[in-house]
Amino acid sequence: MSDYLLMAISAIFINNILLAQYLGNCPFLGVSKKMDTATGMGMAVIFVLTLAGVITWIIDVYLLCPMDLVYLRTIVFILVIAALVQFVEIFLKKMVPALYAGLGIFLPLITTNCAVFGVAVINVREGFNFMEALVFSFTSAVGFALALVLMAGLRERMATARIPQVLEGTAIGLVTAGFMSLAFLGFMGMV
Amino acid sequence: MGLVREFTKGLWDEIPPFRLVLGLCPTLAVTKTLKDGLGMGLAVIFVLLCSNVLISILRNIIPPKVRIACYIVVIATFVVIVELVMQAFTYELYQDLGIFIPLIVVNCIVLGRAEAFASKNGVLASAADGLGIGVGFTLSLTVLGSIREALGCGTLSLKIPFTDISHVYNLFGPSFKPFAFMVSAPGAFICLGMLLCLMNIIGNLKKS
Amino acid sequence: MLSALLFLLALGVISGILLGIASKAFYVYEDPRIEQVENCLPGANCGGCGYAGCGAAAGAVVGGKAEPDVCIAGGNDVAQAVAAVMGMVVEMAEPQFALQTCAGGIRAETKFNYLGINDCRALALLYRGDKECEKACLGLGTCFRNCKFGAITMGTQGLPIFHSEFCTGCGKCEEVCPNGTIKVQRSTERILEFNTYSDRLAPCQQTCPAEIDIPKYIDHIKNGRYEQAVLTIKERNPFILSCGRVCPHPCEEMCRRTLGDDPVSINQLKRFVADYEMNTGRHLQIPIGSDTGHKIAVIGAGPAGLSSAYFLRRLGHSVTIYEMQPKLGGMLYYGIPEYRLPKKILGWEIQGILDLGIDVRTNVKFGVDFDLESLVASGYEAVILAVGAWKYSSARLDREDETIGVEGGTIYLERQGLGIPNPIGKTVGVIGGGNTAMDAARSSVRLGAEKVYIIYRRTEKEMPANPEEIEAAKEEGIEFLFLAAPNNIIDKDGRLTHLEYLKMKLGEPDDSGRRRPIPIEGSETRLPLDNLVLAIGQYSDLSFVDSNRRISGVEKTKWNSIKCDEDTNQTSIPYVFAAGDAFIDGPGIAVEAIGNGRQAARSIHLLFSDESMKFSKDKLRVKGNKGHIPGTIFDKIEGIDKKGRISLPQMDPKVRIHSVDEVDLTISEEEALKEANRCMNCCLTCYDKDAKKVNA
């Protein structure tokens, strides 16, 4: 049990997928302009990443490895994630409109989110077992959502600040992300 | 003339990731050193060039409804090829870049060019566009890699992939204390942010 | 090699089938343009545009929240493709303009001294800003800095000034304003807008039944922009000449200047600019929305009918008015005597309304010459019943209908309007205390009656007529019999000779707060009269309801008006609306009918666009001196130099009783400017102080 806890803390704080592993930066800068959008995106990523992490792990372990097709991993994973995201989107739109209203519009964005694909690949590269893969996928996504929401809070505040004209937009976003990353480095000593 | 224009726009006017703010993840992750940045850049050039050419050839066959899925399959195929080639011939680089090689699949630059350019233009123009954007991306990566390595380690390590030519230049002599911040994650963000700022300043100067 | 091929094939087939089935099984409708726009976008879902993926960006473009060039990755080609899909819609859009709604600026009281970042949004984070008024403009110019088109400058009064000629209606200023003082609207949206609790409204503007932006037009007058003032009033009221003459101006009762000296003569200022427009000899151009193709029939050409037709026309609909009388104007023409509102002036005003492109059929009566079936068959999609209140209430006297010399006030005045001779004796009695009674009595004087009495069962204090009217009637020698209730008609050979009335005393206050008159036993008094006019009340002639099948679905109220929704004017037949005196409330003043006509126009416009007609919860509902925004009817003012209001120019009573010429005269430009400068330009809680201005 404590192993999983350690893994969770590590994935959320120390090796934060956005700030330490540089995965999923495009939406991080794109979707963090408003708090509610960031929250929606964070939730959608938690949902899809957990699902995708588990399903790609099953496919890898029970299909690709036994059939000796490991070299197809990249292409199979991306296809599975794309199909999965599309399916979830269609499914939610009809069956759970309330949830779709909150997450729906963020789903297509996730197909090309390298965080999802990256975590799926890390799961199998590190040779996690099923539980580890589940916990790692979920907590990585939580780390992503946490960083995204924090960033949105900062950027909402920054909207009223006087920023030098040459730094406006993405530049100040990157510098802010840098300072957030620095803060997260402080968790390094925890484990 | 047209082809030259398609090629050169990737070098300044639309240079990623500065002008087109796409493909940030590899930009941040693999620019710890000059050689990593260069290797990544070459891999992206290959994938971008091949996928642009193939998609441009197939552009009239692919049904529009499933075009994104088709593009992803094409890109993924070339990424697998790059992955296998690098594993075979430049194992050290393959180890350094790690997960970011398969991640080229989800690099928005590749998919973005496929949709925005290759699906609407001829083969030669698409090839020029892919090459131009790829070279531009590589340039950005090498510049960023050089700055971070120079400040972070005090060295510049050059290695041409697929050859034995490699050299590590020591820039500042033995008394230099490496600025380790630059090779860590926060350094990557701040360094890229500052470069963007520099680009804006240059842009402003050009305008006035 | 083979296994790899088969595996990928199988995976592709499975996911293809799965998604194919899912997209059919879970199909949900959405605007087809969203997909068209999405097909133009790169589909990289990079999020660089700030929206959650290309689908969301496409939704935002179709929904009007984003520009076609939203995609940063796609470049110009994509923007043009998107614009091509959206092209038609973009062209049809009506221009929007930004407006400042706060009048505060430097005059507003401040709570603390702010030295922070020069940005309203930053200031608003601290206790919602440094102004005492929570809805105030903070004046740090964030809107000015965010306007890309140079349409905003910062004025010396600490308020932004908007220049509509540069404004593109992009909405950026509205977006960055933390207190919501800036409104970006289309002109049609402004017509559809009614006062709410969250608006910044002066007490007069809250009180005006037509919701005219009074401080704004007075400000235009102050600065000599008379045409702007006319257009400001006409945004809410097309009858500026008529209302400038006959309006009982409830707004002036709430004028806060009263606390210092006298209320501003708001109505005289309206009349001044109205006459200014008339004296130029041409009607000012009124902007009209593009044609919508909807047809509406308006029954009745009174103030309510003409007002609803005017606003519907401005919203771009085609309107036809049906009127039973030969002349247009309803009670303004037939009810109000020449000496108060000359027919020539009214005619000029109505012509201006009709010139917007409104069709008129006169001398046709609803329920007799045509009916709802024929209107529906002619392609009208909505009908407004603005039939007014033309029947007079009975005084409950025996033989009042049979006796020669006794008649209803409306008929008495209508005859004058029609130009039919009004045979009248030497002594005339008028029963009632409203404006109709005053009009009847003052008309009688002009028709040659030697002695005119007004018989009212309460005292002068309770009289509903305008104080100016009562004063004028007294000046013209009309005698008031207060605390007198008619009891019996005395006749000789069927001709009126005397009216018997009872003397009254005032008892306990009744439900309406007025003291109830109680008859004094044995106080019967006889008053010799040649004519008696009944002017105690009016109601609508709704005989058409029984005239044919289709209209019989319209329900009536117990006061014999048309039953309809108070907010939407919609009757029990969804495409039939009531307005003006025929509306639920029954007879009222002209300006109420005009405001009510705009409300009916709004409902019909929303009916066509399939939007809800219901008002939001914070709609301002002012009745008399109740229902104002809390805290805005402040009870003391400081820094006012006592000046007193201008006197109203009038014709000499000795001359005017022998003529039907207009009694009240227009004020001079000099006096208008003097009076306009008395306006304190009140907003919610702050106002201009004269003293401050003198020092500055």
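This report describes helix packing, a chain contact and salt bridges in a predicted model.

**The contact of chain A and chain B**

Chain A contributes 36 residues to its contact with chain B, and chain B contributes 41 residues. Together the two chains bury about 3,100 Å² between them, and 81% of this area lies on carbon and sulfur atoms. Three residues of chain A, namely Tyr22(A), Val166(A) and Leu174(A), supply 23% of the area that chain A buries against chain B, more than any other three residues.

Helix 9 of chain A (residues 170-185) packs against helix 8 of chain B (residues 185-207) at an angle of about 165°, and their axes are 7 Å apart. An angle over 145 degrees counts as roughly antiparallel, and helix 9 of chain A and helix 8 of chain B are therefore roughly antiparallel to each other. The crossing of these two helices is left-handed. On the side of helix 9 of chain A, the residues in contact include Thr170(A), Leu174(A), Gly178(A), Leu182(A) and Leu185(A). On the side of helix 8 of chain B, they include Pro186(B), Phe189(B), Gly193(B), Leu196(B) and Cys197(B). Sorted by class, the contact of the two helices has 15 nonpolar, four polar and no charged residues.

Two packed helices are described by the angle between their axes and the distance between the axes.

| Helix pair | Angle | Axis distance |
|---|---|---|
| Helix 15 (residues 303-314) of chain C and helix 22 (residues 590-608) of chain C | roughly 40° | within 7 Å |
| Helix 10 (residues 214-222) of chain C and helix 14 (residues 266-280) of chain C | about 55° | 11 Å |

The angle of roughly 40° between helix 15 and helix 22 of chain C makes helix 15 of chain C oblique to helix 22 of chain C. Their crossing is right-handed. From helix 15 of chain C, Pro303(C), Ala304(C), Ser307(C), Ser308(C), Phe311(C) and Leu312(C) take part in the contact. Among the residues they meet in helix 22 of chain C are Ala590(C), Ile594(C), Gly597(C) and Arg598(C). By class, this contact divides into nine nonpolar, three polar and one charged residue.

Helix 10 of chain C and helix 14 of chain C are likewise oblique to each other, and helix 10 of chain C passes helix 14 of chain C in a left-handed crossing. Here Ile214(C), Tyr217(C), Ile218(C) and Ile221(C) of helix 10 meet Ile266(C), Leu269(C), Lys270(C) and Val273(C) of helix 14. The residues of this contact divide into seven nonpolar, no polar and one charged.

**Salt bridges**

Side chains of opposite charge can pair when their charged atoms come close. Over all chains, the structure holds 43 salt bridges. Between chain A and chain B the count is one. Arg125(A) forms a salt bridge with Glu83(B), with 3.9 Å between the closest N and O atoms.

Another salt bridge joins the side chains of Lys35(B) and Asp96(B), at 3.8 Å from N to O. This pair links distant parts of the chain, 61 residues apart: Lys35(B) is in helix 3 (residues 34-58) of chain B, and Asp96(B) is in helix 5 (residues 91-97) of chain B.

How values were computed. Residues are numbered from 1 along each chain as its sequence is written. Chains are lettered from A and ligands numbered from 1 in the order in which they are written. This is a predicted model: local features need pLDDT of at least 70, side-chain atom pairs count only at pLDDT 80 or more; totals for chains, interfaces and linings use all residues. Side-chain values use heavy atoms; hydrogens and water are left out. Axes are lines fitted to C-alpha atoms, for helices over the stretch in contact, and angles run from 0 to 180 degrees between N-to-C directions. Helices (H or I, at least four residues) and strands (E, at least two) are DSSP runs, numbered from the N terminus. Angles under 35 degrees count as roughly parallel, over 145 as roughly antiparallel, 65 to 115 as roughly perpendicular and the rest as oblique. A crossing is left-handed if the near helix is turned anticlockwise from the far one by less than a right angle, and right-handed if clockwise. Contact means heavy atoms within 4.5 Å. Ala, Val, Leu, Ile, Met, Phe, Trp, Tyr, Cys and Pro count as nonpolar, Asp, Glu, Lys and Arg as charged, and the others, Gly among them, as polar. Buried area is the accessible area (1.4 Å probe) that two parts lose on being put together, summed over both. A salt bridge is a side-chain nitrogen of Lys or Arg within 4 Å of a carboxyl oxygen of Asp or Glu.
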